[in-house]
Amino acid sequence: NDYPIVTVTDLGVATCCEQTSVAMGADGFPRIAFFHTTSAEIRFVQCTNAECTTNNINTVSESGAGSHKPSLTMASDGFARISYQDTIISLGLSTP
């Protein structure tokens with residue numbers, strides 16, 4: 001296999017991360033949005049190298065807000081935009 005699998009985040013829960021969305025930043029490094037099943041949050045990963053072995057993880061939505069189904073895109077200004085469904089306010093948009 002020419003493409004190694006890298007663990008981006010290990011949150012100690014076997015089913016922690018679902019509904020992922022990925023886009024490449026202008027720096028060539030991946031950006032990932034995912035649903036954290038334990039805390040019911042949308043989280044955003046900004047990889048700081050091409051392999052994503054170093055990264056920054058931020059929470060996008062409030063814990064327990066019912067947020068899920070993230071969709072990630074990179075805007076022309078170089079910043080990520082994440083839309084997600086929220087059972088409380090119907091639709092959310094974040095610029096992490």
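Cys 47 is buried, with a relative accessible area of 1%, where buried means under 20% relative accessible area, exposed over 50% and partly exposed in between, using a 1.4 Å probe and protein chains only. Cys 52 also counts as buried, at 3% relative accessibility. This is a predicted model, in which local features need pLDDT of at least 70 and side-chain atom pairs count only at pLDDT 80 or more, while totals for chains, interfaces and linings use all residues. Residues are numbered from 1 along each chain as its sequence is written, and side-chain values use heavy atoms, with hydrogens and water left out.

**The disulfide**

- A disulfide, counted here as a pair of cysteine sulfur atoms within 2.5 Å, joins Cys 47 to Cys 52, with an S to S distance of 1.8 Å.
- The link of Cys 47 and Cys 52 is left-handed, with -75° about the S-S bond, and by this rule the count comes to one disulfide.

**Strands and sheet**

- The protein chain has zero helices and seven strands, where helices (H or I, at least four residues) and strands (E, at least two) are DSSP runs numbered from the N terminus.
- Four strands form an open sheet in the order β1-β2-β3-β4, with antiparallel pairing; two strands pair if DSSP finds at least two bridges between them.
- In this sheet β1 (17-24) and β4 (55-59) stand at the edges and have a single partner strand each, so one side of each is left without a neighbour in the sheet.
- Between β3 and β4, which run antiparallel, there are five bridges, and Cys 47 stands opposite Asn 55 in β4.

**Nonpolar cores**

- A nonpolar core is a set of buried Ala, Val, Leu, Ile, Met, Phe, Trp, Tyr and Cys residues joined through side-chain atoms within 4.5 Å, and the largest one here has twelve residues, among them Phe 35, Ile 42, Leu 72 and Tyr 84.
- At least two residues of this core are supplied by each of β2 (30-36), β3 (41-47), β5 (67-74) and β6 (80-86), and β6 gives the most, with three residues.
- A second, separate core of five residues includes Ile 32, Phe 34, Val 45 and Cys 47.
- Phe 35 touches several residues, including Cys 16, Ala 40, Ile 42, His 68 and Pro 70, when residues up to four places away in sequence are not counted; contact means heavy atoms within 4.5 Å.

**The whole chain**

- Of the 96 residues of the protein chain, 38% count as buried.
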